[in-house]
Amino acid sequence: MYLTKEEERMLNGEFGFAIQKAMEILVALGKIYDAERLIRVSSVQVAGVSYKTIGEAGLEFIEDMAKDGRVRVKATLNPAGIDLKDWKKFGFPEDFAEKQLRIIKAYKKMGIEITCTCTPYLIGNLPKEGEHVAWSESSAVTYANSILGARTNREGGPSALAAALTGRTPLYGLHLDEERIPDVLIEVKTVLKDASDFGALGYLIGEFARNKIAFIKGIKKASVEELKSLSASTVTYGSKPLFYIEKITPGWDKFELPKEKTEVTEEDLREAREKISDYFEEPDFICIGCPHASIEEIKKIANFLKDKEVRTELWIATSRKVKETSDKLGYTGMIENAGGKIICDTCMVVAPLENRFKALLTNSAKACYYCRSRMKVKLASLKECLEVATR
Ligand code: F3S
């Protein structure tokens, strides 16, 4: 793989231990994927944050890198395993919190913004069409590629950190035009009513397309919240972090429609919801905010809960920045007065919730997939979730 003079110096250790390690990771990755060179990226979203997922080995690696590693581009962080401020209130164990806070301290030392969110695009990081970035959380990667038209592979924890420390990533995969051509056509023949319907559609696309790139026709309009739900579930149930939606994805009109195709009907959506869900009578946990809730969702929840009482444990996961806006606008007070809880910096999937809850009701098809090994799960609309929470 071709390296510039500066990149050679990085690899030779002239910029210190962490940059050398980072360059070794990128060169190894580039060789595996036959990349001809590295390219510069304008931002990085670093994963590998929750102590639950990276464990002791991950913590040691990050603390080692933090000894002399400093980021060269804007770098933000994926959710951690706890609410960094209110972890005691949410009942997270002290020894886990202590390890988690060490991870955060090391990332902060490297200059990474402690955003702890899977929705960097909701807090101001909106790369433009064609812009190369190195993001890692699968729903954020899919949103960046499919809704913003930016270009990113799905980075792992070490490769994202390496990109942040060097400002570069190998040129392969979804950074290349030829790897971004849609292969299968999905014709939506029904009206999608809310984010949970978009999640169910993502399940169907994932099942049909698997590792192929889908081109979706028939979606007349979609909100940011619906598009983030679709981004999360398509890549969860399939694996390709890119799809096109007619008239929505930048550059959607540059391609011929793929020949291989399927249709999605109302009946398909209903069946998808059933397959995503388990059967149970009453949930003991209701969680919104996978991917992290937007201020619009929080506003809707606050308005619904006004003058009502929450009777089942209700969490709304979001970024700290969105919560600060919610605090200022009075939504947090409205939600907390009713008995709901806003949890920041983490989510129901990456937090250590083993053995705490038995049955989850959520509007996120992705959360259903990942929580299913730990509890029963059911997909519902936001309205249904809130109705159940307050009945
Ligand atoms: Fe985000 Fe956690 Fe869902 S990281 S996409 S809220 S699983």
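Predicted model: local features only at pLDDT ≥ 70, side-chain atom pairs only at ≥ 80, totals over all residues.
Two strands are taken to pair if DSSP finds at least two bridges between them.

**Whole chain**

Begin with the complete protein in a cartoon view. The secondary structure comprises 14 helices and 13 strands. The radius of gyration is 21 Å, close to the 21 Å that the globule rule gives for 391 residues, so the protein is as compact as a globular protein of that length. Viewed along the principal axes, the C-alpha atoms fill a box of roughly 65 × 55 × 35 Å.

Next, display the surface. Its accessible area comes to about 16,500 Å², and carbon and sulfur atoms account for 50% of this. Of the 391 residues, 59% are buried. Among contacts between residues at least 6 apart in sequence, 79% join residues at least 24 apart.

**Domains**

Colour the chain by the domain assignment: 5-177 for domain 1, 181-275 for domain 2 and 277-390 for domain 3. The C-alpha centres of domain 2 and domain 3 are 24 Å apart. Their contact draws 14 residues from domain 2 and 19 residues from domain 3.

**The five-stranded sheet**

Select β9 to β13. They form an open sheet of five strands in the order β11-β10-β9-β12-β13, with parallel pairing. The edges are held by β11 (341-344) and β13 (376-379); each has a single partner strand, so one side of each is left without a neighbour in the sheet. From one strand to the next, the twist averages 25 degrees.

Towards β10, the pairing is parallel and runs over three bridges, with Cys-287 opposite Trp-315 in β10. Towards β12, three bridges again join parallel strands, and the bridge partner of Ile-286 is Leu-361 in β12.

Select Cys-290 and Pro-291. A cis peptide bond joins these two residues, with omega about -5 degrees.

Asp-307 has phi near 65 degrees and lies in the loop between α10 and β10. Its relative accessible area is 76%, so Asp-307 is exposed; the cut-off for that class is over 50%.

Lys-247 has phi near 70 degrees and is found in the loop between β7 (243-245) and β8 (260-264). With a relative accessible area of 65%, Lys-247 is likewise exposed.

**Helix α5 and Arg-151**

Move to α5 (138-148). How many residues of α5 are buried? Eleven of the eleven are, so the helix is largely enclosed by the rest of the structure. Among them are Val-141, Tyr-143, Ile-147 and Leu-148. To see what covers these buried residues, show elements including β2 (43-46), α8 (224-237), β7 and α13 (365-371). Just after α5, Gly-149 takes a positive phi of about 80 degrees.

Finish on Arg-151, in the loop between α5 and α6 (157-166). Is Arg-151 buried or exposed? Its relative accessibility is 17%, so Arg-151 counts as buried, the cut-off being under 20%. Leaving aside residues up to four places away in sequence, Arg-151 touches Gly-130, Glu-131, His-132, Val-133, Asn-145, Leu-174, His-175, Leu-176, Asp-177 and Arg-180. Of these, Asn-145 is also one of the buried residues of α5.

Methods:
Residues numbered from 1 in each chain as written. Heavy atoms only, no water. Helix = DSSP H or I, 4+ residues; strand = E, 2+ residues; numbered from the N terminus. Axes fitted to C-alpha atoms, helices over the stretch in contact; angles between N-to-C directions. Rg over C-alpha atoms; globule rule 2.2 N^0.38 Å. Buried < 20%, exposed > 50% of the residue type's maximum accessible area, 1.4 Å probe, protein only. Contact = heavy atoms within 4.5 Å. Areas by Shrake-Rupley, 256 points an atom, 1.4 Å probe, with all protein chains shown as cover. Domains from an automatic or database assignment.
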